[in-house]
Amino acid sequence: MVPVPRTTALTRSLARSLATLNNAPPKGKSPTAIVMLNMGGPSTVPETHDFLKNLFLDGDLIPLPFQSILAPIIAKRRTPQIEKQYEDIGGGSPILHYTKLQGERMAQLLDELHPETAPHKSYVAFRYAKPLTDETARQLKADGVKRAVAFTQYPQYSCSTTGSSLNELYRRGKTGEAGDIEWSVIDRWGTHPGFVEAVAQNIERALAKYPPEKRSETVLLFSAHSLPMSVVNRGDPYVMEVSASVSAVMDRLGHSNPYRLVWQSQVGPSAWMGPQTSDAIKGLARLGKKQVVLIPIAFTSDHIETLYELDLEYVKEGKELGMEIYRAESLNDSPVFIRALADLAATHLRDYSSGKIGPTSIQLGLRCPGCTNATCGAQKSWFARGGR
Ligand SMILES: C=CC1=C(C)c2cc3[nH]c(cc4nc(cc5[nH]c(cc1n2)c(C)c5CCC(=O)O)C(CCC(=O)O)=C4C)c(C)c3C=C
Ligand code: FES
Ligand SMILES: [Fe+2]
């Protein structure tokens with residue numbers, strides 16, 4: 001009798017591995033899309049103007065009177081200064097590079113962790129830089145995607161960041177631009193143990209630069225992008241969630257060091273959440289603190305705020321004030337962090353498939369008490385129905 005070739009578990013797993021090597025779905029089965037949401041940044045200096053224009057056009061981030069007229073004017077005026085900053089950090093923002101890398105490695109791990117929804121394919125949907133959400137929506141349709149997870153890459157939720165990305169995805173999705181897709185959302189994960197572990201390990205690496213006998217005197221200065229007080233007072237959850245991340249990291253470190261949470265990168269003349277990072281460094285120097293580690297806690301890859309503001313401005317300032325000051329690395333290609341992303345997505349897919357959770361978290365359903373943006377309400381209802 002001629003032996004009939006059989007598909008063994010080994011050959012199936014080999015086929016799956018080959019398919020995920022280039023992150024392409026095998027023929028016939030549409031991929032489960034994991035859509036990585038973030039703001040994006042100009043990958044090259046000449047893209048700075050369009051990035052700023054898109055950013056100032058976003059009424060969910062910066063509500064301006066006569067927005068469509070004022071935004072291009074402000075963007076044009078601000079471009080030379082910000083172009084110079086991107087030049088100084090090496091000619092552009094590394095956010096696209098790291099988001100692609102994180103997404104591709106996460107999707108490979110997901111195929112192993114949750115084969116029931118394999119193959120998984122990661123997509124990037126940026127709010128202000130290429131690939132923009134509309135381009136990604138068209139790609140999802142072209143790939144025949146039927147099931148997608150909108151996965152925010154901001155660990156802590158703000159209506160001006162994740163909320164803005166979800167509003168944009170809702171606008172694209174409801175017109176059918178992305179095709180006929182069943183959506184669910186991972187909207188925040190600032191206390192996930194893997195995220196906390198990855199941040200803690202980077203802090204420990206920075207602390208190791210001091211002699212062991214002086215290590216515990218070092219002040220840990222967690223720094224997050226600030227928010228206008230008008231957004232905080234509307235009831236935005238970001239400040240509370242960033243504080244929860246800091247507490248979780250300090251618990252993991254066994255409260256080995258004194259610490260503070262401070263806020264950076266405020267723009268314009270209105271009141272923003274404080275204390276500002278640069279004032280905090282000066283204040284600590286005045287109080288005789290000589291050792292400080294700066295820790296980016298609200299963004300997962302390097303960007304202008306870490307590479308320019310923290311490294312080129314504040315670390316330099318601290319050194320001039322006689323401090324020994326270092327910055328904890330951003331998460332970038334941290335394998336611990338990428339495994340955390342995969343765990344978040346696998347748990348979400350498993351709980352969703354079993355009916356344990358719905359398409360969105362319970363917390364996403366609640367609008368800020370001071371919200372007057374009708375799109376927020378429509379977006380939350382649309383995602384709560386699985387994007388239908
Ligand atoms: C969690 C992170 C961020 C929050 C919250 C956030 C809120 C926020 N931002 C502005 C205005 C600007 N932000 C700009 C750049 C920028 N913002 C973040 C992150 C958060 N912003 C990042 C990572 C970046 C840099 C992108 C990169 O380098 O890759 C800018 C442009 C730069 C500049 O002109 O200074 C503006 C403007 C507001 C108003 C706001 C809250 C409402
Ligand atoms: S501003 Fe927070 S829900 Fe609308
Ligand atoms: Fe910002």
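Author: The largest nonpolar core has 93 residues, and V35, A150, L221, V293 and A345 have the most contacts inside it. A nonpolar core here is a set of buried Ala, Val, Leu, Ile, Met, Phe, Trp, Tyr and Cys residues joined through C-beta atoms within 7 Å. Helix α12 (residues 335–353) gives this core its largest share, nine residues. This is a predicted model, in which local features need pLDDT of at least 70 and side-chain atom pairs count only at pLDDT 80 or more, while totals for chains, interfaces and linings use all residues. Residues are numbered from 1 along each chain as its sequence is written, and chains are lettered from A and ligands numbered from 1 in the order in which they are written.

Let us follow V293. Not counting residues up to four places away in sequence, V293 touches I203, A206, L207, T218, L220, L221, Y326 and A328; contact means C-beta atoms, placed from the backbone, within 7 Å.

Now for the strand itself. Six of the six residues of strand β7 (residues 291–296) are buried, so β7 is largely enclosed by the rest of the structure. Buried means that 20 or more other C-beta atoms lie within 10 Å of the residue's own, exposed that 12 or fewer do, and partly exposed in between, with C-beta atoms placed from the backbone. Helices (H or I, at least four residues) and strands (E, at least two) are DSSP runs, numbered from the N terminus. On one side of β7 lie Q291, V293 and I295, and on the other V292, L294 and P296, so that both faces are covered.

β7 has two strand partners to look at, where pairing requires at least two DSSP bridges. With strand β5 (residues 219–225), β7 pairs in the parallel sense over five bridges, and there F222 stands opposite I295. Strand β8 (residues 324–327) also pairs with β7 in the parallel sense, over four bridges, with Q291 opposite E324.

Helix α5 (residues 133–142) is worth a look too: T133, T136, A137 and L140 are buried. They cover an arc of only 105 degrees around the axis, which puts them on the same side of α5; the arc is that of the directions from the helix axis to the C-beta atoms. Their cover includes β1 (32–38), β2 (120–126), β3 (147–152) and α6 (162–174). After α5 comes G144, with a positive phi near 70 degrees.

Notes:
Two residues are in contact if their C-beta atoms, placed from the backbone, lie within 7 Å.
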